[in-house]
Amino acid sequence: MNIALLPDRAVLEISGEDRVAFLQGLISNDVTKARANQAIWAALLTPQGKWLADFFVIASGDLLLLDVEAAQLSMLAQRLSRFKLRAKVALRDASAEWLVHAAWGEGVPPEGLAARDPRLPEAGWRVLSPAGLPTHASAEDYAAHRIGLGLPDGSKDMEAEKSVLLEGGFDELNGISWTKGCYMGQELTARTRYRGLLKRRLVPVAIEGTAPERGTPILTPNGAEAGEMRSSLCAQGLALLRLEWLDKGALIAGGARLTPQPPAWMKLPEDKP
């Protein structure tokens, strides 16, 4: 099994008897399904339905532990705190007590609080541990693994107050509950799905040449706008692409050629690959 420490992740702890009901009304997924051995993946949205942050929720005793991008923890805590009102909840940065790891491959992590990554079976596990675990892989190895699967990684691939969840695969990757009831930003999310309004998707691309920086415009050979580069590592990356260009061959970003490679799990319109 591959185990990698993820130094760019942090842990937000939510405690108190109202913790589940409090979070349930705010985020995109069903908090009641979080377990010690099964994480849920969810996002906090603006009231207009645009992405602010995403995270894994793991239940541990009388706590909810949110595995979140470290750079977003303070913002996330502040945003959630606005809705506490009289709810019996407390939010605390518990990053000093937990280290975040990813594990993938055959077997089960031998140590730590290990919860299955709910996005894909191949995604593996999220593992929280008070001490560092023996690692057999690096954060870069994990980045290559998740990019190859087409999994977004927070602000590397999404854009605050602009991205919508369905662009990033949150529907197919089990990041949205369509049955739990209302949450902040639900209306736009549901409308995008049921009216077929989606025009772009975050898609893995094979890269020939130097990997373009995040934000690099992606063009067709004829110069038409096709999308924008997001995260990358060596010869692979993720790109936000217009649906009509997914099956038209190689695209151009800076000095590199990009070939879209939509994964099997991705649901696309019937006339797309």
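Ala, Val, Leu, Ile, Met, Phe, Trp, Tyr, Cys and Pro count here as nonpolar, Asp, Glu, Lys and Arg as charged, and the others, Gly among them, as polar. The views below show a predicted model.

**View 1. The second largest pocket and the residues around it.** In this predicted model, the second largest pocket has a volume of about 250 Å³, and its lining is made up of 13 residues. Of these, L166, D171, L198, R201 and K267 lie nearest the centre of the pocket. Sorted by class, the lining holds six nonpolar, two polar and five charged residues.

**View 2. The largest pocket and the residues nearest its centre.** The space in the largest pocket comes to about 310 Å³, and 22 residues line it, with D8, Y142, R146, D153 and K156 lying nearest the centre. The lining of this pocket divides into ten nonpolar, three polar and nine charged residues.

**View 3. Helix and strands that contribute to the largest pocket.** Three elements, namely β4 (51-60), α3 (139-149) and β12 (225-233), each supply at least two residues of the lining of the largest pocket. Among the contributors, α3 gives the most, with six residues in the lining.

**View 4. The largest cavity and its lining.** The count of cavities of 30 Å³ or more comes to one, and the largest cavity holds about 40 Å³ of space. The residues that line the largest cavity are G49, V164, L165, L166, L188, T189 and T192. By class, four of the lining residues are nonpolar and three are polar, while no charged residue is found in the lining of this cavity.

Notes. Residues are numbered from 1 along each chain as its sequence is written. This is a predicted model: local features need pLDDT of at least 70, side-chain atom pairs count only at pLDDT 80 or more; totals for chains, interfaces and linings use all residues. Side-chain values use heavy atoms; hydrogens and water are left out. On a 1 Å grid over the protein atoms alone, a cavity is a set of points where a 1.4 Å probe fits but cannot get out, and a pocket is an open set with protein on both sides within 12 Å along at least five of seven lines; lining residues have an atom within 4 Å of a point. Grid points are joined across faces, edges and corners, and a volume is the space filled by probe spheres set on the points. Helices (H or I, at least four residues) and strands (E, at least two) are DSSP runs, numbered from the N terminus.
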